[in-house]
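Hi,

Here is the structure I promised to pass on. Have a look at it first, then read my notes below.

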Amino acid sequence: QPEEFVYGEEDFVPQAGGWEDGPGSALSRFDRALLDGWSDRMERGLFRYRLGPLPTRLLPGPMRLVAQLNVQRGTERRPPQEVRSLRQPFDPGAFNFTRIRPGEVLLRLRRVGAGPAPPEPLLVAINASPLERGHVLLLPEPARALPQALTAPPLHAALEAVLLSAHPGFRVGFNGLGGYASVNHLHLHGLYLEQPLLVEAAPARPLGPRHGLGLLHDVPAPAFLFYSAGAAGLEALARDVCRAAEHLMDTGLACNLFATRGDPPEGPGAGGGRGLRVLLWGRRPRFGAKASAAFTVALCELAGYLPLPTAALYRDMSEAEALRAIREELLPEPELLRLGRDLARLL
């Protein structure tokens with residue numbers, strides 16, 4: 001059985017450490033449990049490759065894109081499953097998370113105590129082909145055999161995991177079917193990135209009168225922004241995000257999601273400290289690999305973090321080339337704005 005990690009509201013870290021303090025200088029109980037377990041599994045050889053320090057550089061330019069060389073992930077990871085539909089049913093014959101080894105599961109997250117209704121428990125398992133140290137999968141009960149379609153209870157639990165971390169670079173993400181999800185079994189990603197990203201601070205343009213929904217425009221990939229100042233708003237936030245994601249699917253669009261600590265929608269200096277930003281992208285679905293692409297554009301790339309599979313790409317990539325590859329995957333601006341108006345009415 002995985003280690004039970006029981007937490008209450010007192011375990012939430014309202015304000016994570018700052019980048020200037022050294023992001024790993026003050027870790028929480030959650031961070032220590034996750035990272036110690038992750039390192040133990042690395043020593044025990046449960047990953048597909050041994051991950052050491054990865055070359056990382058900031059691409060010159062206003063978008064502050066973070067490029068990182070990870071050759072082994074490009075060559076050693078399990079091939080992504082074939083996706084043919086946005087609503088593809090779960091296939092018990094394909095690889096799924098009921099098949100992971102017991103040792104790959106680190107924790108079972110479960111909230112107790114007074115306050116808002118607790119989210120459902122989540123398993124925290126290693127990603128056997130990691131992007132970075134501490135890269136994990138966040139899994140609702142795998143035996144339920146849920147396909148890779150975002151639902152509010154596991155998203156709520158995953159957002160609470162962000163608030164359990166004192167590290168400013170612990171982020172959570174989701175790749176939908178048609179948005180380069182590699183396994184059609186419901187899961188989110190959790191990962192530690194050691195660099196700040198523009199999407200944490202860029203101001204958003206409000207969409208409609210409802211506070212908290214906006215459009216992030218001056219970022220690598222324009223995104224719909226949802227925001228919560230703290231833990232009390234996360235259940236409603238998760239519900240709104242999932243209603244929006246369902247609307248995307250209804251209109252034939254795939255989605256990706258990225259959740260991070262960040263400034264209020266108005267940007268830095270708006271007052272009240274940092275809360276939780278959730279970015280949602282709608283995109284034309286991709287079924288199968290795009291042979292001409294320099295890199296796959298999924299949740300990390302959309303947020304401005306570029307794991308690159310070859311030394312030549314890492315050495316030569318420019319901001320202009322990276323943005324061209326990213327923005328090929330995005331909706332034209334008129335369609336994006338029309339979709340934003342639809343979401344404002346929906347919510």
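A term you'll need first: a polar contact is a pair of N or O atoms within 3.5 Å; within protein, one must be able to donate a hydrogen and the other to accept it, and residues adjacent in sequence count only if both atoms are side-chain atoms. In R41, a polar atom of the side chain sits 3.2 Å from the backbone oxygen of V105.

Before I go on: this is a predicted model, where local features need pLDDT of at least 70, side-chain atom pairs count only at pLDDT 80 or more, and totals for chains, interfaces and linings use all residues. Residues are numbered from 1 along each chain as its sequence is written, and side-chain values use heavy atoms, with hydrogens and water left out.

Back to R41, which belongs to helix α1 (helices are DSSP runs of H or I, at least four residues, strands are E runs of at least two, and both are numbered from the N terminus). R41 has a relative accessible area of 13%, so it counts as buried (under 20%; exposed is over 50%, partly exposed in between, with a 1.4 Å probe and protein chains only).

Next, S28: you'll find it in the loop between β1 (3-7) and α1 (29-43). S28 is buried too, at 9%, and its side chain makes a polar contact of 3.0 Å with that of D31.

Last, N127 is in the loop between β5 (122-126) and β6 (136-139), and it is buried at 10%. A polar atom of the N127 side chain lies 3.0 Å from the backbone nitrogen of S129. N127 and G190 are 63 residues apart in sequence, yet 9.2 Å apart in space, C-alpha to C-alpha.

Cheers
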